[in-house]
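These are my notebook entries on a structure I looked up.

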Amino acid sequence: MIRIAFLPLAALALSPALAAPAEGPVRTFQGADLFSLEVASDPQISPDGSQIAYVRRSNDVMTDRARATIWLVDVRSGAQMPLVAGPGAHMSPRWSPDGKRLAYVSAEDGGAPQLYVRWMASGATARVTGLPDSPSAIAWAPDGNRIAYITAVPDDAAKFGKAPAKPEGAKWAPPLEVITALTYRADGAGYLKPGFDHIFVVSADGGAPRQLTFGALNDSGPLSWSPDGATLYFSTNRHKDWERKPLNSEVYALDVAGGALTALTSRDGPDAAPVVSPDGRSIAYLGFDDKYLGYQNVGLYVMNRDGSGSRLLTGNLDRSIDDLAWAEDGKAIFVVYDDHAETKVARVGLDGSIRPVAGGLSGSALDRPYTGGSFSVARDGTVAFTSGDALNPADVSVSKGGEARRLTRLNRDLLGGKALGQVKPLAVTAADGRRIDAWMVTPPDFDPARKYPLILEIHGGPFAAYAPAFSTDYQLYAAAGYIVLYTNPRGSTSYGAEFANLIHHAYPGDDYGDLMSAVDAAIAAGNVDTDNLFVTGGSGGGVLTAWIVGKTDRFKAAVTQKPVIDWASFSLTSDGAPMYHQYWFDKFPWEDPQGYWARSPLSLVGNVKTPTMVVVGAEDYRTPVSESEQYYTALQLRGVPTALVKVPGASHGGIAARPSQAAAKASAIIAWFDQYRNKPKWQAPAQ
C-alpha cells in the first residue's frame, strides 16, 4: 500500500516555542493583517458627477472570504456611507441615465446572483430577475425603462448510449459525463456546465425577461444602446471555427424589437467593446489586425454606426487600450492604458490627439503589485478612478481639469500604525543596453549599513507588468527581513509592442538575462548579502523560476508557484488550449516536439542543484496541477530537496483569494527560504 501524507500549509513553518503574550501592537505587517485590509474597485460616478458608487471589498475573518459591498461617496465632501451592505456579495453598480436609480448585482443566502434596482431618493429596492446564473454586462436603456444584460442559457449535454433501466429505489453511480466542447473547463469556474452566454432585456421595474440572441456560441459584453433604444451593440465570435479561433470576434448591431443581427466588422482579429457616441452616429471599439504574435497592442477605433469608415485613433500610441467611454460632447473618448508601469486615463480626440487626465490607477489585487485600475466619466468630464501607491491599496479618487483628489482612505487606520517596507526604483541595464524597470522593497527596520538576504520575485503573464504598487506578499517578505527585488523584464507590457515581443516564440529566453542583470544591479546597490539569494514567482514567474534553477545555482533556494513545466502537456490541458499553438508557438506540439521541449523547464531539471519548493492551487485549470506534480516528482527522483504545497480549493487566479491561504502561502515560502538562509549551499551527495 502506498501512503501519501498531506500536511497543512502551516506544518511547513518552523515550529517555534510557545510565545509570551504580546506587550504591544506588532508594528510590522503580519499575515493576520490580510483580514483587515480593504480595497476599492469599479467606481461608477453618477451622471451629474456628484457622487460615486463603488465596490468596497473587505475580508470576513469568520468565513475566510472576501466580502463585496456597495458604498456611496460624495464627490465634493468625500463623505461616504454603505449603500448595499447586507449579507452576501454585492457588485456591479450602474447608474440609470437620469441618476435617480442604481442597478446592481447581489447574491444573498448563497443563491445565484440577481439583478436589483434601487431608487436613490427613497432607498426602495426591487429584485428585477430570478435567474439560475449571474447576470453581467448590465446596461440601462436610454429612457431608463429597460435593462439589458448577459447570462448563461443552459443547454443539453451530448449523450452516447444509455445505462440499463434502474430498479425503483436502487442507488446507482452518477450517469456518464460526455464532453464535446473544445474548452470544457475554465480556471475559477471548474468544469463548465453545458450552455451559452446570450443577451436578455428586462423591464427596470421587473417582470419576465426576453432573450434576444440565440445559438450554440457565446455573446460578450459590454452592451451599448443606441440613443433611441432601438439597437444594442455588442461583440461576439459567430464564425464557424469560433472555438478554434477565439480572437476573431466582430462588432454586431442587434435590433431589439425584431432580433435581427448585423455584423459591422469583418477583419481577421478581435473587434470588441463597442460604445455608441452620444449622438448615435459613431461607434468606438477596441481591436487589432491579428498577426498571430504573442503580444499585440489593442487599438481604439471609431466607425460610422453602419460599420463604414473605420479608422484607428491610437496608431501613434505604442500602448494597448483596455477600456473606453465617450465624452458627453462626442468630440473625444476617454481610455485607460498602461505606460511604463503606470496605469493612466487619457482623453483621445477624434483627430488622434491624446491628453492624459489621470494617473496612478491601481487594481484590486493585493498579493502582488500588478498594474491595473478602473474608471468612469460623468457628463461634465469628471473622472472617477481607483488609485493607490506602494504603501496603500486602491482607494477612490476623482480628477477634473487635471486636478486629482483621493476621496477615500480605506486602510489609513490599519496601515498608518504599521512600519512598512519601503519601495524604491532600481536602475537596471540589460546586456544589450536596454533599460529594465525594477524596484526594491526594503525591510521596515532597514539599516543602510547592513546587508540583507534578497528574494527575486518574478511576475506572471508573461505579457503583464508590475508597478510600484502595494503588495501583501512583498510586505510579508520584507517584514521577515528580506529585501524584495521585482522587475519588468523584456516581454512585459506597458513599454510598447516591440519590447513585449522580444520574447515572441522565445520564452523563456533573454528575459532570463534581464532578471540576472536586475540581481546584479541590486547587489551593486550595496545592501544585498550575496550568499543569501532566493527566487520565486507565479505562473509565468513560476516558469522563469524553474528555468533559472536549471540555468544557475547562484540562488540558495527557490519556490516555483503554479508553473508550466512541459509546454506540450500544458498546451493540451490548460483552459487556454486554443491559444498557445497559434500565438506562443507556430505549430502544434506533435508537429514540433523539439521546439516545445527546448523551451520547457523540465528539459533542464537534470541541472538543478537548488532546493526548490513547488506551490499550486488544487483547482488550477490554467497551469494545471499536473505541471507542478511533474516537476515535484522529477526533483524527488533526482534527490533535490523539494516539497509540493497544494492550496485546497484554489484556482490559478484565486490562489490568494482567501486571506488565510494567502497568508499561509507566504509563510510557507518564507519558511522554505529561512531553512537555507545563512547556511552553506545544498550539495548533492556523492554518487
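I took a patch to be made of residues with over 30% relative accessible area and no salt bridge, with like charges joined within 9 Å and nonpolar side chains (Val, Leu, Ile, Met, Phe, Trp, Tyr) within 5 Å. A salt bridge is a side-chain nitrogen of Lys or Arg within 4 Å of a carboxyl oxygen of Asp or Glu. Accessible areas come from the Shrake-Rupley method with a 1.4 Å probe, and for residues only the protein chains shown count as cover.

The model is predicted: local features need pLDDT of at least 70 and side-chain atom pairs count only at pLDDT 80 or more, while totals for chains, interfaces and linings use all residues. Residues are numbered from 1 along each chain as its sequence is written, and side-chain values use heavy atoms, with hydrogens and water left out.

**Surface.** I noted a nonpolar surface patch of Leu-572, Phe-588 and Trp-590, with about 350 Å² of accessible area together. Trp-590 lies in the loop between helix H7 (577–583) and helix H8 (593–598); helices (H or I, at least four residues) and strands (E, at least two) are DSSP runs, numbered from the N terminus. Is Trp-590 buried or exposed? Trp-590 is exposed, because its relative accessible area is 58%; the cut-offs are under 20% for buried, over 50% for exposed and partly exposed in between (1.4 Å probe, protein chains only).

**Interior.** I then looked up the nonpolar cores, which are sets of buried Ala, Val, Leu, Ile, Met, Phe, Trp, Tyr and Cys residues joined through side-chain atoms within 4.5 Å. The largest has 93 residues, and Leu-485 is among those that touch the most other members. A second, separate core of 17 residues includes Leu-286 and Ile-333.

**Strand E34.** I found that 6 of the 6 residues of strand E34 (residues 483–488) are buried, so the strand is largely enclosed by the rest of the structure. Ile-483, Leu-485 and Thr-487 are buried on one side, and Val-484, Tyr-486 and Asn-488 on the other. Strands pair if DSSP finds at least two bridges between them. Strand E32 (residues 435–442) pairs with E34 in the antiparallel sense over 5 bridges, and Asp-437 stands opposite Asn-488. Strand E33 (residues 452–458) runs parallel to E34, joined by 4 bridges; Glu-457 has Tyr-486 as its bridge partner.

**A further sheet.** I recorded an open sheet of 4 strands in the order E9-E10-E13-E14, with antiparallel pairing. Strand E9 (136–140) and strand E14 (210–211) stand at the edges, each with a single partner strand, so one side of each lacks a neighbour in the sheet.
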